[in-house]
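Please look through the sequence and the model below, and keep both in view while reading the report that follows.

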Amino acid sequence: MQDRTTLGIAFMVAFALVAPIMDAFAKATPDYIPVMEILGFRFGIQVLLLLPVALVLGIAHRPRAPEIGLHLVRGFLIMAATGLFFAAVREMPLANAIAIFFVEPFILTLLGALFLGEAVGLRRIMACTVGFGGALLVIQPSFSELGFVALYPLGTALCFALYMVMTRSMAQRLSPITLQAYTAIAASALILPMLFAFNGTGNTALDPAMPHGLAVYTLLGVGVVSTVSHLFISLALKFAPAATIAPLQYLEIVAATSLGYFVFSDIPDALTFIGIAIIVGAGLYVFARERRAEQVLAQQTDVPHTP
């Protein structure tokens, strides 16, 4: 059991270090490639890589109408989350965007209470409030310079939290590879018609362009790295409890800050670092409370009942 947990931690560390590379590829993609086309490559490559694996392993199936609807909703949510984030990192430093995005665990905690009936005490609500305050410290200077683009990572956090709420139930029934493959198919089914419809219209956000030069490599990088990183997090959740590995996701901020500095020469200011520290501290507190609650529940379950 300890070996499996250690393996899960290793996969989570790998995810946290690799995932920001996808965002760096998106940020480096030339501006003549619209965000929607980057999304098309991101999910299209994921389909090409994962669907054959699911078929070979015999874990693919023909989903029925209700399940197709769920995949389409998840596909829309992850498409919206990724699109907003890619649009944000084109205009702002990676570290700032990821720091703002990390209000997602707080949103997920509140959504879990709202939709899944999970218990959320006053202390966790206060930690969520503090975490949002830290995000505001990061948003404030970015908003002054960029306007509403600085709020895009908040939209990413909300969409991703909703996506995770759906994933919690669907992941119990499907293999991670199958789930990721079908989600990518659903997202592609939403993206491709829009690209065809807006082809030649001149719309800077939706009109696709033929990639050449650097864009070819960055688009391939987005697709391959996103697929690999999402497999890492799926494997991490398979081998280790979520409460054990979740705090390690904050390594993404370290990786993003390093990439931003060495690749794009982005240096967060002092206010941003303070905001990041508050977000991380509040997030770790929330995770610690959740883990403590799980331990108490496990102890209560293990207590033998007197006949």
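Helices here are DSSP runs of H or I with at least four residues, while strands are runs of E with at least two, and both are numbered from the N terminus. The structure is a predicted model, in which local features need pLDDT of at least 70 and side-chain atom pairs count only at pLDDT 80 or more, whereas totals for chains, interfaces and linings use all residues. Residues are numbered from 1 along each chain as its sequence is written, and side-chain values use heavy atoms, with hydrogens and water left out.

Glycine 44 belongs to helix α2, which covers residues 35-57. A residue is called buried under 20% relative accessible area, exposed over 50%, and partly exposed in between, using a 1.4 Å probe and protein chains only. Glycine 44 is therefore partly exposed, because its relative accessibility is 21%. Although 143 residues separate glycine 44 from alanine 187 in sequence, their C-alpha atoms are 8.6 Å apart in space.

The next topic is the aromatic rings. Rings of Phe, Tyr and Trp (its six-membered ring) pair if their centres lie within 6.5 Å, and the pair is stacked when the planes are under 30 degrees apart, edge-to-face when they are over 60, and tilted for the rest. Six aromatic pairs are found in a search of the whole structure, and two of them are set out here.

| Pair | Centre to centre | Angle between planes | Kind |
|---|---|---|---|
| Phenylalanine 85 and phenylalanine 101 | 6.3 Å | 75 degrees | edge-to-face |
| Tyrosine 261 and phenylalanine 262 | 5.0 Å | 75 degrees | edge-to-face |

Phenylalanine 85 in helix α3 (residues 65-89) and phenylalanine 101 in helix α4 (residues 94-101) are 16 residues apart, and their pair links distant parts of the chain. Both phenylalanine 85 and phenylalanine 101 are buried, and they form one aromatic cluster together with Phe102, Phe160 and Tyr163. Tyrosine 261, in turn, is partly exposed at 44% relative accessible area, whereas phenylalanine 262 is exposed at 66%.

A charge sits over a ring if NZ of Lys or CZ of Arg is within 6 Å of the ring centre and within 35 degrees of the ring normal. Lysine 27 lies over the face of phenylalanine 264, 5.3 Å from the ring centre, and the charged end of arginine 42 sits over the ring of phenylalanine 43, 4.2 Å from its centre.

Most residues other than glycine have a negative phi. Serine 265 lies in the loop between α11 (251-264) and α12 (270-302), and it is exposed, with a relative accessible area of 58%.
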